[in-house]
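Open the model in your viewer and keep the selection panel at hand. The tour goes chain by chain and then to a place where the chains meet.

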Amino acid sequence: MSGRREDLEPNGSDVAPGVIDAPEETVREKIGGYLLGLVFATLLTIASFYVAGTNLIWAPSIPIALAVLAIAQIGIHLAFFLHITTAPDNTNNILALAFGILIVVLVVAGSLWIMDHLNQNMVPMDQMMQMQR
Amino acid sequence: MSTSSEAVPQRHRRDIDPYRLGRGYGAAGYGGRGQDATGRGAGGPASKRVIVGFGFWIFLLSDIVMFSAFFAAHAVLQTATAGGPSGRDLFDPSRVALETAFLLASSFTCGMSAVASSVRNQLWTQVSLLVTGVLGTCFLALEAYEFTNMIRSGAGPQTSAFLSSFFAVVGLHGCHVTAGLLWLGTMMAQVFVKGFRPNIQRRLLCFNLFWHTLDIIWVALFTIVYLIGGGR
């Protein structure tokens, strides 16, 4: 990366491809991006509702399939609607997002894990009632 | 003081590493003000639009972290029905699908308002914001209808831990949508009265981020609460 003149130019090549006011994108292209995101999100939503009510899939795997579809749809929303990209001026947004995902995973997965173990170790409710008498 | 940018030969300017921290802002040839602040990358400091977007994104992530606590509580308590009705008895998948369609469509029209405001088109900005608001109101109406129906049939938040956490997480999302609708109305008025000034454009950007994030939370919500919870 030598310091070419274009590299030093603000708003030259240093603009995220998804940034809404990037000069090289026409209105038609911007609308096309949102339409593409809408199509992907709609397909994934339909797939989610179909998977939830179907008998075609082995029943215990349905929650996993739903989680995968939801994560895919969240990715589509981030890329096409929120314009989170790999461009240099988006690095901070990506890092903040990564940290947010870390905290969310810790909170949700940690709660489920801990509460599941507590439930397994707990005295069954009828025995507990006996002990309290 | 006077030996600023003119003194630097053209050849040296080209050799400056744009990603080196502490690169003199003025020395790169932008007005030659000779600022020596650290942390400026290529092209000097980021534009205010980028900085405002980043700050609001931090807020949205903190909001998502707060939602994750509600989601964790609901996921833990999903089977704690205390003999009351479960998700399978209560949830209507077709109504949830309709709510999802309203919110997804409103996210799209919100994006259209961003496109329209980027070319400073007053009419289409107002129209797409209005459609966004109408779709959001339809979503809220369906949710209110669901809540009142459940409470009337004796499945209110005090019935079981499952229903407490259900009303908490869905209600919190509904509160966010309500706040978003108030903000949307404010933005329509501001765009109408003040036009597409840079600060109004930045507020529109923040509103767009907020509305799209609400849709992301709804994706997690209909998956965890309604689709997975409806099978229990």
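What percentage of the 133 residues of chain A count as buried? Select chain A of this predicted model: 31% of its residues count as buried. Colour by secondary structure, and chain A shows five helices and zero strands. Among contacts in chain A between residues at least 6 apart in sequence, 52% join residues at least 24 apart.

Next, select chain B. Chain B has seven helices and zero strands. Of its 232 residues, 51% are buried. The accessible surface of chain B is about 10300 Å², with 65% belonging to carbon and sulfur atoms. For contacts in chain B between residues at least 6 apart in sequence, the share joining residues at least 24 apart is 71%.

Now show both chains and select residues 91–121 of chain A, which form helix H4, together with residues 48–77 of chain B, which form helix H2. Two packed helices are described by the angle and the distance between their axes. Here the axes come within 9 Å and cross at roughly 10°. An angle under 35 degrees counts as roughly parallel, so H4(A) and H2(B) are roughly parallel to each other.

Finally, show side chains in this contact. On the H4(A) side, pick residues including A:Leu97, A:Ile103, A:Val107 and A:Met115. On the H2(B) side, the residues include B:Phe54, B:Trp57, B:Leu61 and B:Val65. The residues of this contact divide into 18 nonpolar, five polar and no charged. Among them are A:Asn92 and B:Ser68.

Notes:
Residues numbered from 1 in each chain as written. Chains lettered and ligands numbered in written order. Predicted model: local features only at pLDDT ≥ 70, side-chain atom pairs only at ≥ 80, totals over all residues. Heavy atoms only, no water. Axes fitted to C-alpha atoms, helices over the stretch in contact; angles between N-to-C directions. Helix = DSSP H or I, 4+ residues; strand = E, 2+ residues; numbered from the N terminus. Parallel < 35°, antiparallel > 145°, perpendicular 65-115°, else oblique. Contact = heavy atoms within 4.5 Å. Nonpolar A, V, L, I, M, F, W, Y, C, P; charged D, E, K, R; others polar. Buried < 20%, exposed > 50% of the residue type's maximum accessible area, 1.4 Å probe, protein only. Areas by Shrake-Rupley, 256 points an atom, 1.4 Å probe, with all protein chains shown as cover.
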